[in-house]
Amino acid sequence: MKQAGFHGRAGFGQKPALLVIDVNVGFTHPESPLVCELDGVVGAIGLLLDAARSAEVPVVYTTVSYDEGDKVAAAAFIDKIPALLTLEAGSRWVELDPRIGPLPHEPVLNKLFASAFFGTPLASLLTAAGCDSVIVTGASTSGCVRATVVDAIQHGYRPIVPREAVGDRNPAAHDANLYDIDAKYGDVVSVDEVVAHLEELAGTHAH
């Protein structure tokens, strides 16, 4: 159902960045209490990473980890989601999934809360790179992806969400949040559409 006056198109902008939100082992490994079913998402992000790197589009990763001081700062969030204590600083759970790991020059930002903007230098990185839009991928759709999308538009960026490149523990929450994002905050599109746009950008760099 689409309401009149909603679901407009914000578009890709002129210079996107690709954000890979919290695709760390703690969210992808079946033994983790925080696991999401993300195998398809990891594959889709791999396609986007190849296209973004070919187009020389900035790529930024986030993970979540808590040392003792961080646990104090994020106490209310951890009380709400005690499973977050799995993400102990220095543990394997906070490492990025090796299937889609960063290149040496690609920043990995640590965050304590849902949004990739909150308490991180993400806004400064995007400004320094001259970006006007963000392609948001990763997990979870209803949590960190949605929070990042809302913050992105509030910072003046045009958010794009490739639907096959985000995932959630709860399919109903995934669908509801993609509906909300597309209605109000960002454009929810197919991975193929984003790859085609990035290939177009790569072609303009080649000339």
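Close-up 1. At 2% relative accessibility, Thr 62 counts as buried (buried means under 20% relative accessible area, exposed over 50%, partly exposed in between, with a 1.4 Å probe and protein chains only). This is a predicted model, in which local features need pLDDT of at least 70 and side-chain atom pairs count only at pLDDT 80 or more, while totals for chains, interfaces and linings use all residues. Residues are numbered from 1 along each chain as its sequence is written, and side-chain values use heavy atoms, with hydrogens and water left out. Thr 62 sits in strand S2, residues 59-64 (helices are DSSP runs of H or I with at least four residues, strands are runs of E with at least two, and both are numbered from the N terminus). Leave out residues up to four places away in sequence, and Thr 62 still touches Val 20, Ile 21, Asp 22, Val 23, Leu 96, Leu 109, Lys 111 and Ala 116 (contact means heavy atoms within 4.5 Å). Leu 198 is 136 residues from Thr 62 in sequence, and their C-alpha atoms are 21 Å apart in space.

**Close-up 2. Asp 22 and Asn 24, in the loop between S1 and H1.** Asn 24 is found in the loop that links strand S1 (16-21) to helix H1 (25-28), and Asp 22 has its place in the loop between S1 and H1 too. Asp 22 isn't a glycine, yet its phi is positive, at about 55 degrees. Most residues other than glycine have a negative phi.

Close-up 3. Helix H2 covers residues 39-54, and at 1.5 Å a residue its 16 residues should span 22 Å; the end C-alpha atoms are 23 Å apart, which agrees (the expected span is 1.5 Å times one less than the number of residues). Its buried residues are Val 41, Val 42, Ala 44, Ile 45, Gly 46, Leu 48, Leu 49, Ala 51 and Ala 52. An α-helix has 3.6 residues a turn, so residues three or four places apart point the same way. Past the helix, look for Glu 56 in the loop between H2 and S2. Glu 56 has a positive phi, near 60 degrees, in a residue other than glycine. With a relative accessible area of 60%, Glu 56 is exposed.

Close-up 4. Cys 36 is in no disulfide, and the nearest cysteine sulfur, that of Cys 144, is 9.3 Å away. Cys 36 is buried, with a relative accessible area of 4%, and Cys 144 is buried at 12%.

**Close-up 5. Helix H6 against helix H7.** Two packed helices are described by the angle between their axes and the distance between the axes. Here the axes of H6 (residues 141-154) and H7 (residues 171-185) come within 10 Å and cross at roughly 5 degrees (axes are lines fitted to C-alpha atoms, for helices over the stretch in contact, with angles from 0 to 180 degrees between N-to-C directions). On the H6 side the contact takes in Thr 141, Ser 142, Arg 146, Val 149, Val 150 and Ile 153; facing them in H7 are Ala 173, His 174, Asn 177, Leu 178, Asp 180, Ile 181, Lys 184 and Tyr 185. The residues of this contact divide into seven nonpolar, four polar and three charged (Ala, Val, Leu, Ile, Met, Phe, Trp, Tyr, Cys and Pro count as nonpolar, Asp, Glu, Lys and Arg as charged, and the others, Gly among them, as polar). Ser 140 lies in the loop between strand S4 (133-139) and H6, and the peptide bond from Ala 139 to Ser 140 is cis, with omega near -10 degrees.

**Close-up 6. H7 and Val 189 in strand S7.** The buried residues of H7 are Ala 173, His 174, Asn 177, Leu 178, Ile 181, Asp 182 and Ala 183. They pack against H6, strand S5 (158-162), strand S6 (166-167) and S7. Val 189 lies in S7, residues 187-189, and is buried, with a relative accessible area of 7%. Neighbours within four places in sequence aside, Val 189 is in contact with Arg 9, Ile 160, Val 161, Pro 162, Arg 163, Glu 164 and Val 194.

Technical notes:
A disulfide is a pair of cysteine sulfur atoms within 2.5 Å.
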